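Subject: Structure handover

Hello,

Here is the structure I said I would pass on. Please look it over first; notes on what was found in it follow below.

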Amino acid sequence: MTLEYHKIIDRPIVTEESQILRENGNHYVFRVNPAANKKQIGEAIEEMYRKEDIRVVAVRTMNCRGKSRRQFGTRLSGRRAHWKKAIVTLRDGDTIEFI
Amino acid sequence: MTEKDNDAVETPEQESAPEVSEIEETTDLDTADLSVDAEMGDDEFEWKEPPVFEIEHKEDCLCEIKVTIPAANIVSTLDIIYKEMNDGVQVPGFRRGKAPRKLLEKRLGKYAHSTAIEQLTDAAAKKLMRDHELRPVSEAEVTGLEDKDQLDDKEDLVYTVSFEVAGTCELADLSTIELERPEYEVDEEAVEAQINNMRTRFGRYEPLEEGVAEDGDQLVIDFKGTVDGEEFEGGSAEAYPYILGSKRFYASMEEAMLGKKAGDQVTAEVTFEEDYMSAEVAGKTAQFEISINEIKRRVLPELDDEFAKKAGHESMEIMRETVKKRMSETADDQLDQMLEEQAMGKLVEASSFTLPKGQIQQFVEMERNSIYGRMLEQNVSAEEMEREADNVDEAAQKQGLFNLKAMYVVDALSEQEKIEITEEDFEDYTRQFIQGEDTQMLEAYRAYFKSDEMRSTTAHRILYNKAMKTAVAKCQIKILSEEEMKKAEEDAKEKEAVEEEKEDA
């Protein structure tokens, strides 16, 4: 299955936690397409930031369950989409910016 | 995960943003917490580098100032704003106060920058007023900041402010001002008249044994009025006290009673007017049968100490003195006030002013409103007001300008003579409105004059009175005798006439 990079990478996750990861280990956190695998994610990131000429060293992924959401008490319940989180480690010295 | 190393350093990366830069779902920021600017009271603004003012005075008190705020201040102000902002804003994904500055800049940059501009310009304006002692009287007009919400922290912030400053007043030398005060001495006749007046008030009616009814007598009468032989409502009464000469009844009735004795019966014929209030008898002729029961004559008290005591004085002599004193005091007060008005008129004429246009307009407008207000009170019709519009305009123009000048004169006077308002002045002013020792009223008035909305007006009035008193004391006062006064009045009239002729020509 071939996917365009913008179909693989949904968006960066900007939180305190992701900030700590970025500052202490050059790890970048993204929300990605659950269908994508680590290899595809790594390639997509490199492709996306081609201008910065970065190299992805490692990709770790995890599937996250969407939170359940209720409306009108218990009568309507559902959940948000399951999604995949990817922690991408870049080569030392490489940086990308998305804030 | 490296959660252990959570001593986050808040220095964001320096590279340019890539094209894809969506941030984690943005819910609304905690806007309730955006009360940052309320806490940023900049009483003491710290300037990294002082701002530069280039002041240019233009005619008519217009002041144009080019303000240059050095870039260093922009950086420091933004630092403070972001720091304070961070404490108050919750960004999703971050605990309060933990969001990196870069993120804040992206999200709240516009707000931060406009706050910074506001703070900087505010502080600059304060500094400008303090350092250069300018007294603006109009709203400042700022150019160069229009829709500027992005600050460049490497470039100085430059803009121009223009406003009108208070005018100046070159006060004329008080000793050169001549005031005319008419000579006044209490007229002995006026005193007697006043006392006689009181005497009448203390007079009593006493029954007259013999003699005929005269003007001023009180008659006790029964009367019966008939129209075509029939009585009508309100046409008769018994034991009615009537004062002859009071003209409450028709003249024919008074005539009939005049010169008659007690016990006499008289008749009178009265023709009611067409528009008489009672429609029943309007326009008809009535016959009145009047019987005079009693004649009472007013007996005036003797001008002796007894009368004086009744009127609240110890003796007749003291009473005369008091009346005289009171009369001369009232006259003095009036003359003093006249002198003050005269002094103000002459001061305004003799002093030179530079006045800001905006303020003149403001005062003229105020005067116009008060003229129309007075007209409304007097129930002047709308058409008349329209007809009078030109006159009102002219009067307002004149009086408004005068008021403004008078204000400047008072200011200049109080500065020159070092007049200040003290608490006692307030107290004295308040006491003027109270008669006797009415503590409750006194309290009420005191509270009223010192209330927020009245305080400045009251202070202004007190200052005016004080200043004018001082001014009058320093002016030359010429006492005019009656003839001289008359002559002066005639001269003034002539002058006016000549001027009017000139205007007409």
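I start with a pair of strands in chain A. Strand E4 (residues 68-71) and strand E5 (residues 76-79) of chain A run antiparallel and are joined by four bridges. Within this pair, A:Ser68 lies opposite A:Arg79 of E5(A). The two strands E4(A) and E5(A) make a hairpin with four residues between them, and A:Phe72 in the turn has a positive phi of about 50°.

Some conventions apply throughout. This is a predicted model, in which local features need pLDDT of at least 70 and side-chain atom pairs count only at pLDDT 80 or more, while totals for chains, interfaces and linings use all residues. Residues are numbered from 1 along each chain as its sequence is written, chains are lettered from A and ligands numbered from 1 in the order in which they are written, and side-chain values use heavy atoms, with hydrogens and water left out. Helices (H or I, at least four residues) and strands (E, at least two) are DSSP runs numbered from the N terminus, and two strands pair if DSSP finds at least two bridges between them.

Chain A as a whole

Chain A has three helices and six strands, and along the sequence its pattern reads α-β-α-β-α-β-β-β-β. Of its 99 residues, 46% count as buried (under 20% relative accessible area; exposed is over 50%, partly exposed in between; 1.4 Å probe, protein chains only). Among contacts (heavy atoms within 4.5 Å) in chain A with a separation of 6 or more, 61% are between residues 24 or more positions apart.

The sheet in chain A

Four strands of chain A form an open sheet in the order E1-E2-E6-E3, with antiparallel pairing. Strand E1 (9-12) and strand E3 (56-64) of chain A each have a single partner strand and stand at the edges, so one side of each is left without a neighbour in the sheet. Neighbouring strands of this sheet are turned by 30° against each other on average, direction ignored (axes are lines fitted to C-alpha atoms, for helices over the stretch in contact, and angles run from 0 to 180 degrees between N-to-C directions).

Helix H2 (residues 16-25) of chain A packs on the sheet and touches E2 and strand E6 (83-90) of chain A; the direction of H2 makes about 140° with that of E2(A). Helix H3 (residues 38-48) of chain A also packs on the sheet, touching E1, E2, E3 and E6 of chain A, at about 120° to the direction of E3(A).

A:Thr15 sits in the loop between E1 and H2 of chain A. Its relative accessibility is 17%, so A:Thr15 counts as buried. Leaving out residues up to four places away in sequence, A:Thr15 touches B:Gly93 and B:Phe94.

Chain B

Chain B also has an open sheet of four strands, in the order E1-E2-E4-E3 and with antiparallel pairing. Strand E2 (residues 62-69) and strand E4 (residues 157-164) of chain B pair over eight bridges, and B:Leu62 has B:Glu164 as its bridge partner in E4(B).

Helix H3 (residues 101-132) of chain B has a kink of about 85°, centred on B:Leu108 (the bend at a residue is the angle between axes fitted to the seven residues ending there and the seven starting there). H3(B) lies across E1, E2 and E4 of chain B, at about 60° to E1(B). After H3(B) comes B:Glu133, with a positive phi near 50°.

Regards

Technical notes. The expected span of a helix is 1.5 Å times one less than its number of residues.
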